[in-house]
Amino acid sequence: MSDEEAQKPLTDLLAPASIRLDAVAADRDDAIRQAGAALIEAGAVDPSYVDAMVEREYSVSTYVGEGVAIPHGTLAGKDAVTDDAIVVLRFPAGVDWGGNVVSVAVGIAAKGNGHIALLSQLATVLLDPEKAAALRDATSADAVYELLASDEDDE
Amino acid sequence: MTTLDGSSVKKLIVACDAGMGSSVMLASTLKKQLAKNGVTVEHSPVAHIPSDADVVVTQAGLADRARHVVPDIPVVPFQLFLGDPAVAKVVKAIQDGSTVEV
């Protein structure tokens, strides 16, 4: 798989309407379904993808550290993906994620490789405790964009 | 346990279920860490791990499937996507050209 394919502009991949900074979820499944609903609203997936996201979480957790999880479907659910898209849901009260507390869920739908630069940048943010805290505490979409915009020295 | 010779690693594969999320993040991080060592880092669905890989890292829950797909290639299971000690050991062995038990 090549990472050199054209990368979508950040605001195409992560639409302003797909950034929800004051979400509340009863539990992990609820949080994943909200991320799935946001992906449906973004026009990126069919409803069946949401079930694939929930199932995937039962087989392997998508908790990645620093209070962040990246729920997404499996290879089997990939047919339900019509476009690359990312959604960011912030849960200020936290969600119990199999023993970890998740403050930010980054929902992913990927048909191609258009999302790789953004995920790469997310990894960079999470490896920097200060930036990770800034993401957990983000109160504006601009703050989220600023953190997730690719570094120029990425390559 | 298998002994992995870090100096012989030219291609590292991060394997996961969908190649959509977590493996992509880890692969991009490892790519940066290993850029100076001339190592190719790619992500791949576990069912499609390329046979010319020198080492495979994958989530613990997928390690058995990975070993089934590529029985002759060392598979390193990890628990954490970021900062996992098993992955850190492999990175260090490659950077130092030393050996590590995996």
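Me: A residue is buried if 20 or more other C-beta atoms lie within 10 Å of its own. In this predicted model, how many of the residues of strand 2 of chain B are buried?

Reply: Five of the six residues of strand 2 of chain B are buried, and the strand is accordingly described as mostly covered. For chain B as a whole, 49% of the 102 residues count as buried.

Me: What makes strand 2 (residues 11–16) and strand 4 (residues 55–59) of chain B a pair?

Reply: Four bridges join these two strands of chain B, which run parallel; the requirement is at least two bridges, and therefore they pair. Val14(B) has Val57(B) as its bridge partner in strand 4 of chain B, while the partner of Ala15(B) in that strand is Thr58(B).

Me: In which order do the strands of the open sheet of chain B lie?

Reply: The four strands follow the order 3-2-4-5, with parallel pairing. Strand 3 (40–45) and strand 5 (75–78) of chain B are the edge strands, as each pairs on one side only. On average, neighbouring strands of this sheet are turned by 25° against each other, direction ignored.

Me: Which helix packs on the sheet and touches strand 2 and strand 3 of chain B?

Reply: Helix 1 (residues 22–34) of chain B does so, and its direction makes about 160° with that of strand 2 of chain B. Helix 3 (residues 85–96) of chain B also packs on the sheet, where it touches strand 4 and strand 5 of chain B; its direction makes about 140° with that of strand 5 of chain B. The chain has three helices and six strands, running β-β-α-β-β-α-β-α-β from the N terminus on.

Me: How does the radius of gyration of chain B stand against that of a compact globule, and why?

Reply: The two agree, because a compact globule with 102 residues would have a radius of gyration near 13 Å and chain B has 12 Å. The C-alpha trace of chain B spans about 30 × 25 × 25 Å along its principal axes. Among its contacts between residues at least 6 apart in sequence, 56% join residues at least 24 apart.

Me: Turning to chain A, why are strand 1 (19–20) and strand 2 said to stand at the edges?

Reply: Strand 1 and strand 2 of chain A each have a single partner strand, so one side of each lacks a neighbour in the sheet. The sheet is open, with five strands in the order 1-4-5-3-2 and mixed pairing.

Me: What makes strand 1 and strand 4 of chain A a pair?

Reply: Two bridges lie between them, in the parallel sense; the requirement is at least two, so they qualify. Within strand 4 of chain A, Leu89(A) is the bridge partner of Arg20(A).

Me: Why is Ala93(A) assigned its exposure class, and which class is it?

Reply: Ala93(A) counts as exposed because it has 10 C-beta neighbours inside 10 Å, and the class covers residues with 12 or fewer. Ala93(A) belongs to strand 4 (residues 85–97) of chain A. Between Ala93(A) and Arg28(A) there are 65 residues in sequence and 13 Å in space, C-alpha to C-alpha.

Me: At what angle do helix 2 (residues 28–41) and helix 3 (residues 48–59) of chain A pack?

Reply: The angle is about 145°, and the axes are 9 Å apart. Helix 2 of chain A passes helix 3 of chain A in a right-handed crossing. Residues that meet include Arg28(A), Ile32(A) and Leu39(A) in helix 2 of chain A and Tyr49(A), Met53(A) and Glu57(A) in helix 3 of chain A. The residues of this contact divide into six nonpolar, one polar and four charged.

Me: How many residues does the contact take from chain A and from chain B?

Reply: Chain A gives 22 residues and chain B gives 21 residues. On the side of chain A that touches chain B, helix 3, strand 2 (63–65) and helix 4 (116–126) of chain A are the elements that give two or more residues. Helix 4 of chain A provides the largest share, six residues. By class, this side of chain A has 13 nonpolar, seven polar and two charged residues.

Technical notes. Residues numbered from 1 in each chain as written. Chains lettered and ligands numbered in written order. Predicted model: local features only at pLDDT ≥ 70, side-chain atom pairs only at ≥ 80, totals over all residues. Axes fitted to C-alpha atoms, helices over the stretch in contact; angles between N-to-C directions. Contact = placed C-beta atoms within 7 Å. Left-handed = near helix turned anticlockwise from the far one by under 90°. Nonpolar A, V, L, I, M, F, W, Y, C, P; charged D, E, K, R; others polar. Rg over C-alpha atoms; globule rule 2.2 N^0.38 Å.
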